[in-house]
Amino acid sequence: MNSPFYKTGGFPEIKEENKGKFTAWAKKNGFEDACSAASSVMSNKNKYSEEVVKMANYANNFGCSNK
C-alpha cells in the first residue's frame, strides 16, 4: 500500500519549525488547550483559515485521543 501510515516511521511527523505552532495559536486565541481548540475549529471550519484547519485536523487525529 502507498498510505503514509504504513511507513516504518509510524505517523506523519511534524516539521521541527512547526512544533508547538497550533498550541501557541490556540492559547493566543483564548482556548484552554490544543484539543479544545481543535474541536472548535473542526466544528466551524469556514470560520478559520485553511492552515489552521489543517493543524486542527492533525491535532484531532494524532494528539487528542479519548482514552
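Of the contacts in the chain (heavy atoms within 4.5 Å) between residues at least 6 apart in sequence, 35% join residues at least 24 apart. The model is predicted, and local features need pLDDT of at least 70, side-chain atom pairs count only at pLDDT 80 or more, and totals for chains, interfaces and linings use all residues. Residues are numbered from 1 along each chain as its sequence is written, and side-chain values use heavy atoms, with hydrogens and water left out.

The chain holds three helices and zero strands, in the order α-α-α from the N terminus; helices are DSSP runs of H or I with at least four residues, and strands are runs of E with at least two, numbered from the N terminus.

Helix α2 (residues 34–43) and helix α3 (residues 50–63) have axes that come within 8 Å and cross at roughly 120°. The axes are lines fitted to C-alpha atoms over the stretch in contact, and angles run from 0 to 180 degrees between N-to-C directions. The two helices α2 and α3 are therefore oblique to each other, a class left over once angles under 35 degrees (roughly parallel), over 145 (roughly antiparallel) and 65 to 115 (roughly perpendicular) are set aside.

In the chain of 67 residues, 21% are buried, that is, under 20% relative accessible area with a 1.4 Å probe, protein chains only. The chain exposes about 5400 Å², of which carbon and sulfur atoms supply 49%; accessible areas come from the Shrake-Rupley method with a 1.4 Å probe.

Terms used. Buried < 20%, exposed > 50% of the residue type's maximum accessible area, 1.4 Å probe, protein only.
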